[in-house]
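Me: I would like to learn how to read a protein structure step by step. Could you take me through it?

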Amino acid sequence: MEMGRAIHSRLMKAITEGRFVFTGEVEPLKTANAEDIVRAAEALRDWTVACNVTDNPRARAYMSSIAAAHIMQIRTGVEAVCQMTVRDRNRIALQSDLLGAAALGIRNVLTMSGDHTTLGDNPQAMPVYDIDTAQFVRMVRGIVDEGRDLAGNRIAGKVGLHVGITGNPNAEPLEMEIMKIEKKVALGAEFMQTQATFDIERAKGFLREMGRLKIPVLLGIFPCKSYATAEHLRRSVPGITVPDEFVEQMKMADAEPDRSRQRDRIDGVNIEFFSSMIRELRKTEQLAGMHVMTIGYERIVRSLSENA
Amino acid sequence: MHGVIVIHYCRYTAVIWNLIITRQKSPEKIDEMVAPYGSVFIVGCGTCATGCGTGGEEQVKAMAQRLGGRVLGWAVVESPCDARIVRRDLAAHKGELEVADAVLCMACGAGAQAIADHTEKLIIPALDTLFIGKTERVGRYFERCRACTDCALLETGGICPTVRCSKGLQNGPCGGQVNGKCEVGEYKNDCAWVLIFNSLKRQGRLEALKSYRPPKDRSAKARPQELASR
């Protein structure tokens with residue numbers, strides 16, 4: 001992070017102070033009822049510094065991430081990392097939403113391309129992509145640092161936002177991924193949250209490169225709440241390699257007939273795998289914390305956090 | 001868009017390059033559109049639609065035969081998108097065109113509108129216009145240009161991210177590429193940015209990937225464009 005930049009969020013404060021942090025994730029769904037968001041956020045509150053609020057993941061038309069982030073912040077006190085994709089909004093709408101989000105007290109924005117419209121539940125929709133994520137980072141910087149929108153128009157008053165980017169340690173060619181990240185860091189990205197990885201060696205290599213670029217990284221992990229989830233991740237999510245050993249252990253834990261013991265054993269497999277991963281990776285200077293993709297499995301964050 | 005036909009006499013055969021790629025609407029759809037009109041005149045295209053096999057002489061004749069008695073006549077205009085050629089090629093059909101209830105147009109949207117302007121007749125489009133394409137062979141075409149008004153191929157290793165990246169991203173790939181394949185279309189199509197990366201690497205120009213490309217100026221495409229170059 002550039003020296004002298006004002007700090008507006010607890011997330012950025014913790015990262016800047018060098019505290020090892022956890023972020024979680026909540027997912028607004030196709031409903032106007034925010035109770036599930038509030039419940040999930042409450043379950044994560046004591047173990048995370050902030051929680052991501054997803055923006056129409058898999059291009060499904062869900063409750064707005066800004067609205068959900070605001071409700072979460074107001075009702076639970078959990079700070080939001082508001083995910084914002086460039087898929088559904090042109091530059092006018094994005095700028096308008098950034099100002100609106102800031103006015104609502106949202107302080108962290110995670111810039112994303114967004115899964116393509118054709119993968120979603122309204123596949124006939126117009127994919128917008130007026131700007132890309134690098135340009136989105138530039139847009140936020142202009143608003144925050146210069147008080148100007150993308151076209152140079154003046155914004156009244158200060159806007160306090162931090163801009164994050166995504167990264168993918170699993171990407172091939174990795175050289176290209178790193179060059180893209182380098183560009184966004186040069187544009188003023190302040191933190192990174194990554195795609196989930198199970199590969200410690202790959203994560204180490206990635207973090208080394210990020211150390212060179214000097215961007216704090218919250219490495220993404222995906223604890224699996226069931227054997228079925230692990231198997232689905234292994235079989236159906238391209239680009240993520242789930243180690244056979246992990247899936248095998250999940251399978252054995254899953255075979256436990258007693259429900260409560262099954263739950264404990266599954267948690268145990270996750271805690272063992274991810275805690276040792278975290279301990280190993282914490283030796284890397286650039287690792288600012290972990291981003292735990294927790295949808296429906298909030299309880300695991302506490303154990304991971306305590307064992308880190 | 002100006003259609004071009006290049007008859008390239010090489011050792012093997014005469015090749016027609018297509019510019020605008022079209023596809024015929026279904027026979028049922030064409031029948032439904034034609035049904036209310038007693039008489040039609042068919043206009044084909046001697047350029048792109050001939051190359052695509054969607055509106056050349058062969059397809060125009062087949063259409064005339066299928067529609068039967070209501071067809072007053074037909075013509076394949078060399079380039080229906082060129083007003084001068086439309087005037088020239090339709091001059092001999094003035095009488096048929098005057099009495100026809102409608103013109104069934106087997107050309108792209110630009111051609112169909114030029115025919116509409118000239119004839120002032122009700123136009124029935126028999127083709128759907130798909131894209132500006134590259135022809136691999138007759139029947140196999142790839143979209144390669146979206147006429148964005150600001151060509152950046154020099155910076156992107158000869159591969160256009162505006163059209164070949166599903167998201168039209170200008171500064172690098174998204175998180176949806178896996179091993180060089182795009183999330184759109186079940187990871188069967190190449191990720192444009194991996195192609196760009198490989199191309200720039202081959203050319204020893206990878207540094208180009210690091211330069212920031214600012215947002216595109218979309219205003220030129222926000223209205224119908226005209227060009228008056230002289």
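Me: How many helices and strands does the secondary structure of chain B come to?

Reply: In this predicted model, the secondary structure of chain B comes to eight helices and 11 strands. The C-alpha atoms of chain B fill a box of roughly 65 × 40 × 40 Å along the principal axes, and 39% of the 230 residues of chain B count as buried. Among contacts in chain B between residues at least 6 apart in sequence, 57% join residues that are at least 24 apart.

Me: How should I read the sheets, and which order do the strands of the open sheet in chain B have?

Reply: Strands of a sheet pair through backbone hydrogen bonds, and they do this either parallel or antiparallel. In chain B, an open sheet of three strands has the order 3-8-9, and its pairing is antiparallel. Strand 3 (20-24) and strand 9 (140-145) of chain B are the edge strands, each of which pairs on one side only, and the twist averages 70° from one strand to the next. Strand 8 (residues 127-137) and strand 9 of chain B pair in the antiparallel sense over five bridges, and B:Thr135 stands opposite B:Tyr141 in strand 9.

Me: What do the eight strands of chain A close into?

Reply: The eight strands of chain A close into a barrel in the order 1-2-3-4-5-6-7-8, with parallel pairing, and here the twist averages 30° from one strand to the next. Three bridges join strand 1 (residues 21-26) of chain A to strand 8 (residues 287-292) of chain A, and these two strands run parallel; A:Val21 stands opposite A:Gly289 in strand 8. Elsewhere in chain A, strand 3 (residues 80-85) and strand 4 pair in the parallel sense over five bridges, with A:Val81 standing opposite A:Asn108 in strand 4. A helix can also lie across strands: helix 2 (residues 35-44) of chain A lies across strand 1 and strand 2 (50-53) of chain A, running at about 165° to strand 1.

Me: Which residues lie on the two sides of strand 4 of chain A, and are they buried or exposed?

Reply: In a regular strand the side chains alternate between the two faces of the sheet. For strand 4 of chain A, A:Asn108, A:Leu110 and A:Met112 lie on one side and A:Val109 and A:Thr111 on the other, and all of these are buried, with both faces covered. Because five of the five residues of strand 4 (residues 108-112) of chain A are buried, this strand is largely enclosed by the rest of the structure.

Me: How do I describe two helices that pack, and at what angle do helix 4 and helix 6 of chain B pack?

Reply: Two packed helices are described by the angle between their axes and the distance between the axes. Helix 4 (residues 83-90) and helix 6 (residues 109-119) of chain B pack at an angle of about 60°, with their axes 10 Å apart, and these two helices of chain B are therefore oblique to each other. Helix 4 of chain B passes helix 6 of chain B in a right-handed crossing. In this contact, B:Ala83, B:Val86, B:Arg87 and B:Leu90 of helix 4 meet B:Ala114, B:Ile115 and B:His118 of helix 6; by class, the contact has five nonpolar, one polar and one charged residues.

Me: Which residues meet where helix 4 and helix 5 of chain A are in contact?

Reply: The axes of helix 4 (residues 91-103) and helix 5 of chain A come within 11 Å and cross at roughly 45°, which makes helix 4 of chain A oblique to helix 5 of chain A. The crossing of these two helices of chain A is right-handed. A:Arg91, A:Leu94, A:Gln95 and A:Leu98 in helix 4 meet A:Phe136, A:Met139, A:Val140 and A:Ile143 in helix 5, and the residues of this contact divide into six nonpolar, one polar and one charged.

Me: How many residues of chain A are in contact with chain B?

Reply: 27 residues of chain A are in contact with 25 residues of chain B. Helix 5 (133-146) and helix 6 (174-187) of chain A each supply at least two residues of the side of chain A that touches chain B, and the largest share of that side, six residues, comes from helix 6 of chain A. By class, the side of chain A that touches chain B has 11 nonpolar, eight polar and eight charged residues.

Me: What covers the buried residues of helix 8 of chain B?

Reply: The buried residues of helix 8 (residues 192-202) of chain B are B:Ala192, B:Trp193, B:Val194, B:Ile196, B:Phe197 and B:Leu200. Their cover includes helix 6 of chain A, together with helix 7 (161-164) and strand 10 (177-178) of chain B. Just after helix 8 of chain B, B:Gly204 takes a positive phi of about 65°.

Methods: Residues numbered from 1 in each chain as written. Chains lettered and ligands numbered in written order. Predicted model: local features only at pLDDT ≥ 70, side-chain atom pairs only at ≥ 80, totals over all residues. Axes fitted to C-alpha atoms, helices over the stretch in contact; angles between N-to-C directions. Helix = DSSP H or I, 4+ residues; strand = E, 2+ residues; numbered from the N terminus. Parallel < 35°, antiparallel > 145°, perpendicular 65-115°, else oblique. Left-handed = near helix turned anticlockwise from the far one by under 90°. Contact = placed C-beta atoms within 7 Å. Nonpolar A, V, L, I, M, F, W, Y, C, P; charged D, E, K, R; others polar. Pairing = 2+ DSSP bridges. Buried ≥ 20, exposed ≤ 12 C-beta atoms within 10 Å, placed from the backbone.
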